[in-house]
Amino acid sequence: MSVKVWVLDSGVNLEHPMLKNAHIQSFDFSDHRLRSCENNDDYGHGTAISSIIGKKEFAEIYSVKLNNNEPLEDEKLLIEILHYIYLYEDADIINMSLGLNICENKSELQGICMKLHEKGTIIVSAFDNLGSISYPAAFECVIGVISGARCQKISQFEYIDNSVINIAAKGSIQRVAWNNPQYLMLGGNSFACAHVTAQIVDFMNDGIRNFDDILQEFRKMAVVTWTNLNSSNDRRKKEKITIQKAILFPFNKEMHSLVRFSHLLSFDIVGIYDVRLSAHVGTGTSYLMGDDVLDICIQNIEDIDWTQFDTIILGHTEELSIMVGRQVILDLLSKAQKYGKQVYSFEPPPIEWLNQDFISFPVVERSDLPSNLFGNLYRISKPVLGVFGTSSKQGKFTLQLKLRELLMKDGYKVGQIGTEPNSLLFGFDEVFPIGYHSTVNISGDEIILYLNDKINRLCDISDLIIVGSQSGTIPYDTGNLLQYATNQYLFLQGTQPDGVVLCVNPFDEEEYVWRTICFIESAIGCKVIALVLFPVALDDDWRGIYGGKRKCTENESFDLAKSFSQIYKRSVYILGNCRDMEDLKNEVVQFFSEK
């Protein structure tokens with residue numbers, strides 16, 4: 001029984017000596033239909049692919065030319081051809097030794113691939129030769145192929161488990177049919193893909209035609225099987241929990257944003273608690289924060305009404321434990337368990353409570369990494385806005401929340417990755433807590449791999465993605481390791497923002513701001529769109545940046561913004577100024593509209 005193999009490529013040269021015994025027909029696709037033709041391969045690639053598959057006696061090849069030299073047009077044409085084959089032709093296998101790094105019509109391409117899969121057609125596609133994830137190879141209903149270092153023969157394959165990549169085959173330098181000259185020594189995933197298709201022809205000739213059964217046959221014959229190397233970890237507690245009414249404890253800096261932006265939360269804050277020694281008990285939040293915010297009187301932790309709420313939001317407790325001892329935390333968790341309350345903690349709880357189901361906390365472990373990608377990364381198809389800064393404590397998270405609010409108000413679907421542990425409470429899609437008491441337990445290239453995977457997932461549900469970093473971006477001084485912004489650099493590389501808003505202080509040195517701008521723009525080839533001024537100045541005394549601070553007056557802020565704009569040749573906006581925040585949002589939208 002013949003196996004019908006459709007090869008979508010650059011066409012085929014039917015007169016090539018390597019195809020004289022092959023069963024092959026050649027087509028162009030025009031006016032929305034297939035038209036028979038001869039020798040339509042102006043390049044040679046399709047001839048090479050067809051000659052590899054054509055060696056199989058039972059392969060009946062249908063070659064269709066796909067080559068417009070325009071990525072988007074090729075993408076549309078590919079989808080149209082696949083639809084045509086689905087509706088009007090019989091196809092046992094479709095070989096696509098090609099890949100789209102950025103797929104503008106991803107859902108449509110995936111949809112037709114799934115229809116063909118459900119019809120019983122096996123789709124085999126090569127991943128991009130430059131080492132990035134590509135489509136349709138990455139779809140679950142497609143067998144995605146790369147080159148395998150351990151595949152020295154065309155009959156050797158590597159099986160890859162738990163990955164968007166399925167099979168590796170011989171993609172090293174080999175002699176292939178071509179046009180002019182007649183033969184070339186070439187290598188690449190394209191040829192590995194053709195060898196996989198040729199092997200599937202043998203499987204089908206033996207009666208093995210089901211998608212899963214074919215993959216299992218490759219697994220049986222594999223020279224090596226790559227399994228999931230990332231083991232599960234019981235310490236992983238980062239599920240998004242459902243909250244209706246919450247209390248906060250203790251009332252420290254990390255809680256301020258929850259109060260200031262309480263209108264963005266999907267739950268109600270019904271109480272705020274602290275210990276007496278904090279000097280906060282009996283005081284209102286608006287008085288302590290100096291803002292027009294949700295005003296709640298802070299109560300003594302010993303006076304909790306356990307009938308009021310369903311969740312305790314537990315902030316960082318190191319300073320609290322030093323002040324009053326850790327027993328207050330242990331007692332609180334014990335009572336939360338007793339009364340059936342859930343706890344969302346900004347950091348891992350004491351070791352004796354670490355694996356309790358009612359406690360959640362943000363953490364990133366090696367078990368969260370996508371496995372077996374062999375260094376392949378996704379090209380990001382949606383615009384990414386980064387919020388970075390020149391120091392800590394300059395309103396970066398506040399800015400992210402404000403931009404999120406304004407963009408969503410305008411109807412944009414905003415995907416978001418935050419680095420503050422309370423990010424998930426505001427509805428962010430992901431949290432990557434690299435700030436104070438970081439719970440990110442991966443490093444180096446693993447961070448890039450993790451963030452790239454998360455950003456890619458957000459592309460399917462977002463119009464725009466916002467990512468926000470921590471602290472500074474480059475070292476202010478190199479005399480101590482604490483000054484190095486290693487995680488911030490990896491965060492920048494992993495998220496690859498197209499545009500960045502840089503938060504600055506009135507007291508930043510001009511040379512340092514310029515170095516930060518130039519570093520960001522050169523490190524990933526993006527644009528620092530604008531600066532946002534944090535309107536807090538230093539007291540004029542001998543302590544410098546370690547001394548007291550005061551809020552700038554409105555005139556001071558305006559003059560500083562005007563001066564910074566002249567120096568750095570960019571728009572400068574004042575954090576907290578409603579009109580400025582609206583203007584910044586508009587500039588961000590305009591920037592991405594022009595890209």
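Predicted model: local features only at pLDDT ≥ 70, side-chain atom pairs only at ≥ 80, totals over all residues.
Reader: In what order do the 10 strands of the open sheet with mixed pairing stand, and which strands are at its edges?
Author: The 10 strands form an open sheet with mixed pairing, in the order 3-2-4-1-5-6-8-10-9-13.

Reader: Which residue of strand 13 is the bridge partner of Tyr-159?
Author: Strand 9, which covers residues 158–160, pairs with strand 13 in the parallel sense, and three bridges make up this pairing. Within strand 13, the bridge partner of Tyr-159 is Thr-225.

Reader: What angle does the direction of helix 1 make with that of strand 1?
Author: Helix 1 (residues 45–53) packs on the sheet that contains these strands, where it touches strand 1 (3–9), strand 2 (23–30), strand 4 (59–65) and strand 5 (93–96). Taken against the direction of strand 1, the direction of helix 1 makes an angle of about 160°.

Reader: Which strands stand at the edges of the open sheet of six strands?
Author: This sheet has the order 16-15-14-17-18-19, and its pairing is parallel. An edge strand here pairs on one side only, and this applies to strand 16 (298–300) and strand 19 (359–360).

Reader: Which residue of strand 18 stands opposite Ile-313?
Author: Four bridges join strand 17 (residues 311–314) to strand 18 (residues 342–345) in the parallel sense. In this pairing Leu-314 has Ser-345 as its bridge partner, while the residue opposite Ile-313 is Tyr-344.

Reader: At about what angle to strand 17 does helix 9 run?
Author: Helix 6 (residues 253–260) lies across strand 14 (245–249), strand 15 (268–274) and strand 17, and runs at about 150° to strand 14. Helix 9 (residues 327–338) lies across strand 14, strand 17, strand 18 and strand 19, and its angle to strand 17 is about 160°.

Reader: Are helix 10 and helix 15 roughly parallel or roughly perpendicular to each other?
Author: The axes of helix 10 (residues 396–409) and helix 15 (residues 578–594) come within 10 Å and cross at roughly 70°. Helix 10 contributes Leu-399, Lys-402, Leu-403, Leu-406 and Leu-407 to the contact, and helix 15 contributes Met-581, Glu-582, Leu-584, Lys-585 and Val-589. By class, these contact residues are seven nonpolar, no polar and three charged. Angles of 65 to 115 degrees count as roughly perpendicular, and the two helices are therefore roughly perpendicular.

Reader: What is the volume of the largest cavity?
Author: The model has two cavities of 30 Å³ or more. Lining the largest cavity are Asn-101, Ile-102, Cys-103, Lys-106, Tyr-135, Arg-379, Ser-381, Asn-456, Cys-459 and Asp-460, which by class are four nonpolar, three polar and three charged residues. The volume of the largest cavity is about 50 Å³.

Reader: How many charged residues are in the lining of the second largest cavity?
Author: The second largest cavity has a volume of about 30 Å³. Its lining consists of His-316, Phe-346, Thr-419, Pro-421, Pro-433, Ile-434, Gly-435, Tyr-436, His-437 and Thr-439. Five residues of this lining are nonpolar and five are polar, and the number of charged residues is no charged residue.

Key:
Residues numbered from 1 in each chain as written. Heavy atoms only, no water. Pairing = 2+ DSSP bridges. Contact = heavy atoms within 4.5 Å. Axes fitted to C-alpha atoms, helices over the stretch in contact; angles between N-to-C directions. Parallel < 35°, antiparallel > 145°, perpendicular 65-115°, else oblique. Nonpolar A, V, L, I, M, F, W, Y, C, P; charged D, E, K, R; others polar. 1 Å grid on protein atoms, 1.4 Å probe; cavity = no way out; pocket = protein on both sides within 12 Å on 5 of 7 lines; lining within 4 Å. Points joined across faces, edges and corners; volume = space filled by probe spheres on them.
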